[in-house]
Every structure is written in C-alpha cells, then in structure tokens.
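Student: Please take one part of this model and go through it closely, then connect it to whatever else can be said about the fold.

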Amino acid sequence: MIAEEHGDWQYDKAKKLCETLYLNNPEVDGIWSSGADMTRACVDVFKQFGAKIPPITGEGNNGFFGQWIADGFKSISAEYSPAQGAAGIRAAVALLEGKELKKHYDYNPPGWDIEKIKKYYRDDLSANVWWPSELPEDKLKEFYAKK
C-alpha cells in the first residue's frame, strides 16, 4: 500500500483526494474504495487525466453501476443492502415485543461482478438507488425516477 485517505463517502472530497494522490504518484496498480461515490470520483479523475482506470472496488449504487458498465474498467462491488437497516429495526421491534432473537446474525453476500450489475442497473433511475432494494417498483420510481 502506498497511500490511504478518507473520502467520507463523498464525491467531492474523494475527487480532491484522488487528484492529489494521482498527481503525487500516477503509477496506480489498484484502488480499494469502500464507497460508490468515492469510486465514481476516482474513476472520473483517471478519465480527466486521460489515464487508464486501474482495478477499483465499489459498492452497489446505481450511479457506480452505470459508470462501470459505460467505462468497462475492472471492478468488483460489495453488497451492503439498505435492507440491513430495516432488518435492524425489525429485530428491535421483535425484541420490544418479547420475541426470541438469535444472538448472532451473519450477512456475507458474495461480491458482484459486471454481469450481475447489468441485471440491476436502471438507466431510468437516479444514481442514488442502492441495490439490492426491497422497495417495490412504484416506490423506486416515486423516489428515484430521473426528472
């Protein structure tokens, strides 16, 4: 590892960090990113400088998926479904209702490759949709339709 920075899952902050890192050392073999907007920012930096996009990780948001499909760089996407938050709420409610809970829950989905993301990517929805989603189609369109 040559460098480690924190982009706080923000596109604008990550873009500045990636620009600085690239200008300090344009020989990049790969990037591990734990946020789709940070990944999108770094990809945009490489494109801005006309450089080859190195293998880079991302997460399951529609904007990242669209960029990955369009630009065809090497990647893998982790799955951190928004449903995890809802599962936590359901568990808290069950606990308050006196229902039995397990001591430990595992969520270890496999990474997503480009073939899987092509099945989820939606050009009609904004970059802000996170996959997989438990939202029904009408809610996806209500909340995320491109205007």
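**A nonpolar patch and its surroundings**

Tutor: L95, L101 and Y105 make a nonpolar surface patch of about 310 Å². Patches consist of residues with over 30% relative accessible area and no salt bridge, with like charges joined within 9 Å and nonpolar side chains (Val, Leu, Ile, Met, Phe, Trp, Tyr) within 5 Å. A salt bridge is a side-chain nitrogen of Lys or Arg within 4 Å of a carboxyl oxygen of Asp or Glu. The model is predicted: local features need pLDDT of at least 70, side-chain atom pairs count only at pLDDT 80 or more, and totals for chains, interfaces and linings use all residues. Residues are numbered from 1 along each chain as its sequence is written, and side-chain values use heavy atoms, with hydrogens and water left out.

L95 is exposed, at a relative accessible area of 55% (buried is under 20%, exposed over 50%, partly exposed in between, with a 1.4 Å probe and protein chains only).

I2, in the segment before α1 (11–24), is also exposed, at 73%. Its C-alpha atom is 9.1 Å from that of N25, 23 residues away along the chain.

K118, in helix α5 (residues 114–120), is partly exposed at 45% relative accessibility.

Helix α2 (residues 36–48) packs against helix α3 (residues 62–71) at about 30°, their axes 9 Å apart. The two are therefore roughly parallel (angles under 35 degrees).

Definitions and conventions: Accessible areas come from the Shrake-Rupley method with a 1.4 Å probe; for residues, only the protein chains shown count as cover. Axes are lines fitted to C-alpha atoms, for helices over the stretch in contact, and angles run from 0 to 180 degrees between N-to-C directions. Helices (H or I, at least four residues) and strands (E, at least two) are DSSP runs, numbered from the N terminus. Angles under 35 degrees count as roughly parallel, over 145 as roughly antiparallel, 65 to 115 as roughly perpendicular and the rest as oblique.
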